[in-house]
Amino acid sequence: MLVAPTGRAAKRMSEITGLKASTIHSLLEFNFSINGFKRNRENLSTATCSSWTRRA
């Protein structure tokens with residue numbers, strides 16, 4: 001799974017690589033009712049992640 005900072009970046013990464021991409025917020029499972037992330041130091045995600053940064 002590829003991880004991007006925005007939905008637009010995730011969509012572009014997916015288009016280029018053909019791999020599934022999502023936002024970091026989706027990966028960490030943001031929960032509005034607790035105003036925080038479901039995945040954290042105590043409850044880690046099992047996903048293996050990669051990220052891109054754009055260089056100007």
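## F32 and its exposure

F32 is exposed, with a relative accessible area of 73%. Exposed here means over 50%, so F32 belongs in that class. The model is a predicted one.

F30 is partly exposed, at a relative accessible area of 30%. F37 is also partly exposed, with 34%. That residue sits in strand β4, which covers residues 36–37.

How many aromatic pairs does the structure hold? There are two. A pair of aromatic rings is described by the distance of the centres and the angle of the planes.

Take F30 and F32. Their ring centres lie 4.8 Å apart, and their planes meet at 80°. Angles over 60 degrees count as edge-to-face, so this pair is edge-to-face.

Now take F30 and F37. Their rings are 5.2 Å apart, centre to centre. The angle between the planes is 75°. This aromatic pair is edge-to-face.

## Cluster and surface patch

Which residues do the ring pairs link into a cluster? They are F30, F32 and F37. F30 pairs with F32, and F30 pairs with F37.

F30, F32 and F37 also make a nonpolar surface patch. Its area is about 330 Å².

Notes. Residues are numbered from 1 along each chain as its sequence is written. This is a predicted model: local features need pLDDT of at least 70, side-chain atom pairs count only at pLDDT 80 or more; totals for chains, interfaces and linings use all residues. Side-chain values use heavy atoms; hydrogens and water are left out. Rings of Phe, Tyr and Trp (its six-membered ring) pair if their centres lie within 6.5 Å; planes under 30 degrees apart count as stacked, over 60 as edge-to-face and the rest as tilted. Buried means under 20% relative accessible area, exposed over 50%, partly exposed in between (1.4 Å probe, protein chains only). Patches are made of residues with over 30% relative accessible area and no salt bridge: like charges are joined within 9 Å, nonpolar side chains (Val, Leu, Ile, Met, Phe, Trp, Tyr) within 5 Å. Accessible areas come from the Shrake-Rupley method with a 1.4 Å probe; for residues, only the protein chains shown count as cover. A salt bridge is a side-chain nitrogen of Lys or Arg within 4 Å of a carboxyl oxygen of Asp or Glu. Helices (H or I, at least four residues) and strands (E, at least two) are DSSP runs, numbered from the N terminus.
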